[in-house]
Amino acid sequence: MLPTMMDTQLSVADLIEYAGSNYSAEEIVSRCVEGGIHRYTYQDCLRRTKKLANALTKLGAKQGQCIATLAWNTYRHIELYYAVTGIGAITHTINPRLFPEQITYIVNHAEDQIVFVDLSFVPILEKISDDLTSVAHFVVMTDRAHMPESQLNLLCYEELIEPESDSYDWPSHREDAPAALCYTSGTTGNPKGVLYTHRSTLLHAYAASQVLQASALNIILPVVPMFHVCAWGIPYMATMVGCKLVLPGAGMDGQSLYELIDNEQADLIVGVPTVWLNLLTYLRAAGEKLTSVKRTLVGGAAAPLSMIREFQEEHDVFLLHGWGMTEMSPLGTVNNMTSAMTKMPLEERYRVQMKQGKPVFGVELKIVDDNNHELPKDGKSFGRLMARGPWIASAYYKSEDKSSWVDGWFDTGDVATLSPDGMMQIVDRSKDVIKSGGEWISSIDLENTALGHDAVSEACVIGVPHPKWNERPLLLVTTHKPTTKESILTFLADKVAKWWLPDDVIFVDELPHNATGKLYKLDLRQQYQDHLQSSEQ
Ligand code: AMP
């Protein structure tokens with residue numbers, strides 16, 4: 001039987017064509033790396049993206065090649081997302097917070113031909129340029145007036161595109177052609193590449209845009225960087241629905257974010273919990289309120305109850321969790337407001353909001369035990385969380401390592417529970433969960449509970465070897481006012497099971513984070529591995 005539908009291939013360039021024609025007057029507003037605010041429309045963006053596509057072609061960029069960006073969230077980065085992928089090349093976004101050796105590794109591994117770089121990150125390139133084996137050009141994303149002095153041969157973005165025509169015919173390609181490349185910020189070994197296709201990117205954008213559409217949101221401010229899992233796909237979903245896009249550039253501190261949110265009247269703000277901790281601290285100190293924001297989408301790590309409560313009670317903002325990962329484009333689940341939640345008393349609703357949510361349509365989830373046997377979706381059993389779907393990686397780029405895939409399912413490395421209604425809650429990363437006397441303790445739960453103590457700024461729980469219980473939790477905290485170990489343990493005592501109580505509380509000046517802002521526990525586990533060895537508890 002012959003189907004009767006058109007065989008139109010999904011293509012990333014169609015998104016900017018669509019927004020440029022159908023939402024031509026909607027704005028993209030950026031805080032510039034050079035200072036000041038830049039403002040233009042989707043129509044302007046489309047025009048400049050085509051100029052850039054012509055410039056790239058002149059520079060020798062070819063289909064299937066990787067072209068890298070080391071850049072903040074700004075309009076030029078958006079232009080690169082569309083022009084590079086649009087000409088049939090691959091947008092390779094590099095996380096500048098990785099160690100220089102890791103950046104060298106991934107540029108060489110991806111065989112990047114051109115690197116586009118923001119002014120702030122030129123020094124990184126200067127440090128590693130001698131070790132880069134494939135790069136023909138470095139282009140600084142600025143105008144002539146701001147070009148830096150450098151021993152590198154640097155091209156200027158604005159000079160490159162200025163003489164070019166703003167007409168360009170996007171080449172056709174299959175929808176399973178590669179579109180974008182992101183590397184994981186793995187804590188062990190070299191970063192691993194995930195190569196997204198036009199199809200996976202578009203399907204993910206359709207699914208992710210439900211977050212906007214379900215809540216009638218129109219002005220989105222992604223703090224999540226475009227160098228980390230394509231800013232959770234927001235540059236693609238914004239053009240798909242034609243909403244105003246507000247880009248914070250390098251201004252990630254509380255005050256800069258507040259000013260941009262307020263001036264541009266953002267109604268959806270998106271980022272990791274640490275960014276919101278900074279923003280909330282600023283708002284508290286300055287006595288300011290968020291008046292335009294309706295939703296905060298939080299992912300990358302679990303938002304603590306105290307944060308959910310403060311957004312709601314001080315700013316009338318509903319915090320919704322999204323969960324996902326680089327290998328999943330990233331979106332796997334969303335915990336949006338349901339009609340049942342609107343009727344719940346606030347405290348009960350907050351408990352629901354602490355969960356990571358239900359799978360978005362297209363993503364299937366299951367939990368398994370150590371023998372890969374599926375565990376019941378009863379909200380209690382917890383096991384390794386497995387996922388599959390059209391925007392989930394089936395391999396790493398140029399890698400033989402298949403250890404993360406079992407029978408066509410991707411092992412997320414997270415430990416979770418699943419409820420009969422599909423609700424998923426992360427218990428821990430499988431490597432962070434603490435196995436004490438045969439029972440499991442969630443480091444995330446303990447951290448988030450400790451954050452409710454009024455002196456604690458940040459909390460990190462690690463499992464360390466213990467002579468009797470195999471492993472016991474150790475709590476490390478940073479504080480913003482004086483407190484004691486006893487005060488923190490007393491605070492925790494009626495909130496967690498007795499055997500979850502940390503064996504010690506250690507006060508530190510700073511906690512280590514990885515390139516994506518997550519707590520980096522590996523070194524801490526080594527540093528404190530003997531801490532409890534002498535104790536018999
Ligand atoms: P990345 O690939 O760097 O984006 O990291 C993905 C990992 O971040 C996931 O496997 C989780 O461990 C963690 N993560 C992401 N979203 C959440 C969330 N909402 N709550 C808890 N952990 C999360």
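Colleague: Which residue follows helix 12, and is its phi positive or negative?

Modeller: The model is predicted. In it, helix 12 is followed by G287, and the phi of G287 is positive, near 70°.

Colleague: Which residues of helix 12 are buried, and what covers them?

Modeller: P273, V275, W276, L279, L280 and L283 are the buried ones. Their cover includes helix 11 (254–264) and strand 12 (268–271), together with strand 13 (295–298) and helix 13 (305–315).

Colleague: Why is S442 called buried?

Modeller: The cut-off is under 20% relative accessible area. S442 has 2% relative accessibility, so S442 counts as buried. S442 sits in the loop between strand 23 (439–441) and helix 16 (443–450). With neighbours within four places in sequence left aside, S442 is in contact with V427, D428 and W500.

Colleague: Why is the pair of R39 and E27 called a salt bridge?

Modeller: The limit is a side-chain nitrogen of Lys or Arg within 4 Å of a carboxyl oxygen of Asp or Glu. The N to O distance for R39 and E27 is 3.3 Å, so the pair qualifies. R39 belongs to strand 2 (residues 37–41) and E27 to strand 1 (residues 27–31), so the bridge ties together parts that are 12 residues apart in sequence. R39 has 43% relative accessibility and counts as partly exposed. E27, at 22%, also counts as partly exposed.

Colleague: Is R76 buried or exposed, and what does its side chain meet in a salt bridge?

Modeller: R76 has a relative accessible area of 7%, so R76 is buried. Its side chain meets that of E34 at 3.1 Å, N to O. This pair links distant parts of the chain: R76 is in helix 3 (residues 75–86), while E34 is in the loop between strand 1 and strand 2, 42 residues apart. E34 is partly exposed, at 24%. A network of salt bridges links E34, R48, R76, E79 and E158.

Colleague: What makes D503 and R472 a tie between separate parts of the chain?

Modeller: Their side chains meet in a salt bridge of 2.8 Å, N to O. D503 lies in the loop between helix 17 (485–493) and strand 26 (504–507), and R472 lies in strand 25 (residues 470–479), so the tied parts are 31 residues apart in sequence. Both D503 and R472 are buried. The structure holds 28 salt bridges.

Colleague: How do you know that D112 has no salt bridge?

Modeller: The nearest side chain of opposite charge is K398, at 9.0 Å, and the limit is 4 Å, so D112 has none, although D112 is buried.

Colleague: What does the side chain of D112 make a polar contact with?

Modeller: The partner is the side chain of H92, at 2.9 Å. D112 is located in the loop between helix 4 (100–110) and strand 5 (114–117). Among the residues D112 touches are C66, I67, A68, S134 and V135.

Terms used. Residues are numbered from 1 along each chain as its sequence is written. This is a predicted model: local features need pLDDT of at least 70, side-chain atom pairs count only at pLDDT 80 or more; totals for chains, interfaces and linings use all residues. Side-chain values use heavy atoms; hydrogens and water are left out. Buried means under 20% relative accessible area, exposed over 50%, partly exposed in between (1.4 Å probe, protein chains only). Helices (H or I, at least four residues) and strands (E, at least two) are DSSP runs, numbered from the N terminus. Contact means heavy atoms within 4.5 Å. Lys and Arg count as positive and Asp and Glu as negative; His and the chain ends are not counted. A polar contact is a pair of N or O atoms within 3.5 Å; within protein, one must be able to donate a hydrogen and the other to accept it, and residues adjacent in sequence count only if both atoms are side-chain atoms.
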